[in-house]
Amino acid sequence: GNLIETIHPSTFDNIYRLKYLDLSNNRLKQVPSNRINNLCSVLTLNLSNNQIIALNKNSLFAFRGVNELDLSRNNIEIIEPATFIMNRKLHNLNLSFNCLKSVTSWIGSLDLIDFALAFNQLTAIEDVIYQMQNLRRIHIEGNYIKQIDTDSILRSSIVYMHYDEDKLKAEDVAKIQSIFEM
């Protein structure tokens, strides 16, 4: 990274076909989109390893075309409702290594295929995750999850789950393993 702390609003002026934007390993405290235009062509956005603490409904507006978003290794504690409302094409979201305790209030109508929530402060997999119709892969290891509802997994479209076996009861681990062996 370049240790960038802020991005001037005109930085991306006259750039209309940018597909991949990597701003990882910097010192950004917020997503640099609330004053930036012309970034709806970005398909992959990497903001990992910055100093972002919160996301709000305007954070990702400029990136409404993004389908892969990496926000891992920040200090995200708060994601406000409607944060992802304009990101209808988002299918791969990495929020690993943050400080999230819940997803229910902000997950909304996301249609994810891959969802990484590893190493946060989650204590459960909330029902809203199982209800994601196209979710295939989920990473939840490194959290404080001690129980996984195997019936909900069976009703979901999840085909891969990375979790901590040592935090679960042996019978739950056996059930989960049998589900993914089918």
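# Close-up views

With a relative accessibility of 21%, Cys 99 counts as partly exposed. Before the views, a word on the model: it is predicted, with local features needing pLDDT of at least 70 and side-chain atom pairs counting only at pLDDT 80 or more, while totals for chains, interfaces and linings use all residues. Residues are numbered from 1 along each chain as its sequence is written, and side-chain values use heavy atoms, with hydrogens and water left out.

**View A. Cysteines without a disulfide.**
How many disulfides does a search of the whole structure find? The search comes up with zero, where a disulfide would be a pair of cysteine sulfur atoms within 2.5 Å.

**View B. Thr 83, a buried loop residue.**
Find Thr 83 in the loop between β5 (78–79) and β6 (92–94); helices (H or I, at least four residues) and strands (E, at least two) are DSSP runs, numbered from the N terminus. Is Thr 83 buried or exposed? At 1% relative accessibility, Thr 83 is buried. Its side chain reaches the backbone oxygen of Glu 80 at 2.5 Å. Leaving out residues up to four places away in sequence, Thr 83 touches Leu 55, Asn 56, Lys 57 and Leu 60 (contact means heavy atoms within 4.5 Å).

**View C. Phe 97 and Phe 119, a stacked pair.**
There are three aromatic pairs in the structure; rings of Phe, Tyr and Trp (its six-membered ring) pair if their centres lie within 6.5 Å, and planes under 30 degrees apart count as stacked, over 60 as edge-to-face and the rest as tilted. Here the ring centres of Phe 97 and Phe 119 are 4.6 Å apart with the planes at 10 degrees, so this pair is stacked. Phe 97 belongs to the loop between β6 and α1 (104–107), and Phe 119 to the loop between β7 (114–116) and α2 (127–130), so the pair ties together parts 22 residues apart in sequence. Phe 97 is partly exposed at 32% relative accessible area, and Phe 119 is partly exposed at 37%.

**View D. Trp 106 and Phe 115, an edge-to-face pair.**
Trp 106 and Phe 115 form an edge-to-face aromatic pair, 6.4 Å from centre to centre and with 90 degrees between the planes. Both Trp 106 and Phe 115 are buried.

**View E. Arginines over rings.**
What sits over the ring of Phe 97? It's the charged end of Arg 73, 3.8 Å from the ring centre. Likewise, the charged end of Arg 64 sits over the ring of Phe 61, at 4.5 Å from its centre. To qualify, NZ of Lys or CZ of Arg must be within 6 Å of the ring centre and within 35 degrees of the ring normal.

**View F. Arg 27 and Glu 5, a salt bridge.**
The count comes to three salt bridges, each a side-chain nitrogen of Lys or Arg within 4 Å of a carboxyl oxygen of Asp or Glu. One of them joins Arg 27 to Glu 5, with the closest N and O atoms 3.8 Å apart. Arg 27 is in the loop between β1 (20–22) and β2 (44–46) and Glu 5 in the segment before β1, so the pair ties together parts 22 residues apart in sequence. Arg 27 is partly exposed at 34% relative accessible area, as is Glu 5 at 47%.

**View G. Asp 114 and Arg 137, a salt bridge between strands.**
The side chains of Asp 114 and Arg 137 meet in a salt bridge at 2.4 Å, N to O. This pair links distant parts of the chain, with Asp 114 in strand β7 and Arg 137 in strand β8 (residues 137–139), 23 residues apart. Asp 114 is buried at 18% relative accessible area, whereas Arg 137 is partly exposed at 34%.

**View H. Asp 164 and its partners.**
Asp 164 sits in the loop between β9 (160–162) and α4 (170–181). It forms a salt bridge with Lys 167, the closest N and O atoms being 3.4 Å apart. Lys 167 is partly exposed at 32% relative accessibility. Setting aside neighbours within four places in sequence, Asp 164 is in contact with Glu 141, Gly 142 and Asn 143. Asp 164 and Glu 141 are 23 residues apart in sequence, yet 5.1 Å apart in space, C-alpha to C-alpha. As for Gly 142, its backbone nitrogen lies 2.7 Å from a polar atom of the Asp 164 side chain.

How values were computed:
Buried means under 20% relative accessible area, exposed over 50%, partly exposed in between (1.4 Å probe, protein chains only). A polar contact is a pair of N or O atoms within 3.5 Å; within protein, one must be able to donate a hydrogen and the other to accept it, and residues adjacent in sequence count only if both atoms are side-chain atoms.
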